[in-house]
Amino acid sequence: MTNYLPHEIELWEIERLIANPKNARKHSTEQIQELAASMSAFGFMSAVVAGSDGIVLAGNARVLAARELGLPRVPVLVADHLSESEKQAFAIADNQIALHASWDNEILRVQLDLLRQEGMDLQLVGFSD
């Protein structure tokens, strides 16, 4: 097991990032637009994970949304401590493990109601009325 903590987030030119050709996760145009709207509202809040070769391991959708917004640079964590097979395993795990979570519907309902009362567009958080 790898025992690694990144030392810092680097700011990379967006052109340096390359979509992972082995990425099995697909992103619709609508999802990228939703993500871009969220980024416009809240900022770029999660770093992309990539190898020093620029291939994105986690954050392919964030990179697409950043390109749509015309962002020149994005935050990147470099994952060169992983072997090639570990990089691909991480890319899959990053997408799949999040799907194993669930919502506490009552807490979510209360939070969404509060946001709605404060005038927040719920589409910015991936929900609609």
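Predicted model: local features only at pLDDT ≥ 70, side-chain atom pairs only at ≥ 80, totals over all residues.
## Charges and surface

The mean positions of the 10 positive and 18 negative charges of the chain lie 5 Å apart, where Lys and Arg count as positive, Asp and Glu count as negative, and His and the chain ends are not counted.

Residues are numbered from 1 along each chain as its sequence is written, and side-chain values use heavy atoms, with hydrogens and water left out.

## Overall layout

The chain has four helices and four strands, and from the N terminus on these elements run in the order β-α-β-β-α-β-α-α. Both kinds of element are DSSP runs numbered from the N terminus, a helix being a run of H or I with at least four residues and a strand a run of E with at least two. Along its principal axes, the C-alpha trace of the chain spans about 45 × 35 × 30 Å.

Of the 129 residues of the chain, 30% count as buried, a word that stands for a relative accessible area under 20%, while exposed stands for over 50% and partly exposed for values in between (1.4 Å probe, protein chains only). Among the contacts in the chain with a separation of 6 or more, 79% are between residues 24 or more positions apart, a contact being heavy atoms within 4.5 Å.

Asn-23 is found in the loop between strand 1 (10-13) and helix 1 (29-42), and it counts as buried because its relative accessible area is 17%. The side chain of Asn-23 reaches the backbone nitrogen of Arg-25 at 3.1 Å. This is a polar contact, meaning a pair of N or O atoms within 3.5 Å; within protein, one atom must be able to donate a hydrogen and the other to accept it, and residues adjacent in sequence count only if both atoms are side-chain atoms. If residues up to four places away in sequence are not counted, Asn-23 touches Asn-60 and Asn-95.

Asn-60, in turn, is found in helix 2 (residues 60-69) and is also buried, with a relative accessible area of 11%. The side chain of Asn-60 reaches the backbone nitrogen of Asn-20 at 3.3 Å, and, with residues up to four places away in sequence again left aside, Asn-60 touches Ala-19, Asn-20, Asn-23 and His-27.

Ala-91 lies in helix 3 and is buried, because its relative accessible area is 8%. Apart from its neighbours within four places in sequence, Ala-91 is in contact with Asn-20 and Leu-57. The C-alpha atoms of Ala-91 and Val-56 are separated by 8.5 Å, although these residues are 35 residues apart along the chain.

Leu-82 has its place in the loop between strand 4 (73-78) and helix 3 (84-96), and with a relative accessible area of 16% Leu-82 is buried. Between the C-alpha atoms of Leu-82 and Val-110, which are 28 residues apart along the chain, the separation is 41 Å.

Arg-16 lies in the loop between strand 1 and helix 1, and it is partly exposed because its relative accessible area is 43%. Not counting residues up to four places away in sequence, Arg-16 touches Ser-52 and Gly-54, whereas the C-alpha atoms of Arg-16 and Ile-107, 91 residues apart along the chain, are separated by 40 Å.

Asp-104 caps the N-terminal end of helix 4, with a side-chain oxygen 3.2 Å from the backbone nitrogen of Glu-106. Just after helix 4, Gly-119 takes a positive phi of about 85°.

Terms used: Charge placed at Lys NZ, Arg CZ, Asp CG, Glu CD.
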